[in-house]
Amino acid sequence: MENILIIIGLLVAAGLAWFISALVVKSKTVSKDEWKHVNDVLDQSRSDLAREREKTSNLQEQLNSAKERLQSLTDENTANIRSLEAHKAKLESALTGISDARKEVEDLKEEVKTKNLENNDLTGKVADLTARNKALQDKLDTQKKEIEDLGEKFKVTFENVANKILDD
């Protein structure tokens, strides 16, 4: 009897083990519909992932292109700033030159004004001296005439005296 009880115990244990293993297997297995649904979701997720990776790749290319364009524009901007600074320096130099030229023009205008005043003074003096010269020339002409007249008178008087002396 002990053998029967052992065999029964073993059979019960085997049945229990089979039942537990069936439950374990069943808990680890998925139905065909669930499996298909999970595979569909997985395929969709893989497809979405591929699209997102492609979008990411495109966006990365656009970002790299934008970075290159930004660098190009930055370089161009830097060159323009340098050029602007050079032109600014030239402009400041030109403005300084213009300022110096204006001062020189003002100085020259003042000098011209002074020279014009001197010229006016000299013109007045020339006019005065010309008038005096003319007066002296007229006086000289008058005196020459008087000397000639006196010379004629002396000649006539001398002839008269000489004739008188000869007559006497």
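What radius of gyration does the protein have, and what would a compact globule of 168 residues have? The protein has 68 Å, but such a globule would have a radius of gyration near 15 Å. (That radius is taken over C-alpha atoms, and the globule rule is 2.2 Å times the number of residues to the power 0.38.)

Keep in mind that this is a predicted model, where local features need pLDDT of at least 70, side-chain atom pairs count only at pLDDT 80 or more, and totals for chains, interfaces and linings use all residues. Residues are numbered from 1 along each chain as its sequence is written, and side-chain values use heavy atoms, with hydrogens and water left out.

Now for the overall form. Along its principal axes, the C-alpha trace spans about 230 × 30 × 15 Å. You'll find two helices and zero strands; these are DSSP runs, numbered from the N terminus (helices: H or I, at least four residues; strands: E, at least two). Helix α1 covers residues 2–28 and holds Trp18, while helix α2 covers residues 32–167 and holds Asp138. Glu148 is in helix α2 too. Asp138 and Asn80 are 58 residues apart in sequence and 82 Å apart in space, C-alpha to C-alpha.

How much of the protein is buried? Buried residues make up 0% of the 168. Buried means under 20% relative accessible area, exposed over 50%, and partly exposed in between (1.4 Å probe, protein chains only).

| Residue | Relative accessible area | Class |
|---|---|---|
| Trp18 | 61% | exposed |
| Asp138 | 39% | partly exposed |
| Glu148 | 56% | exposed |
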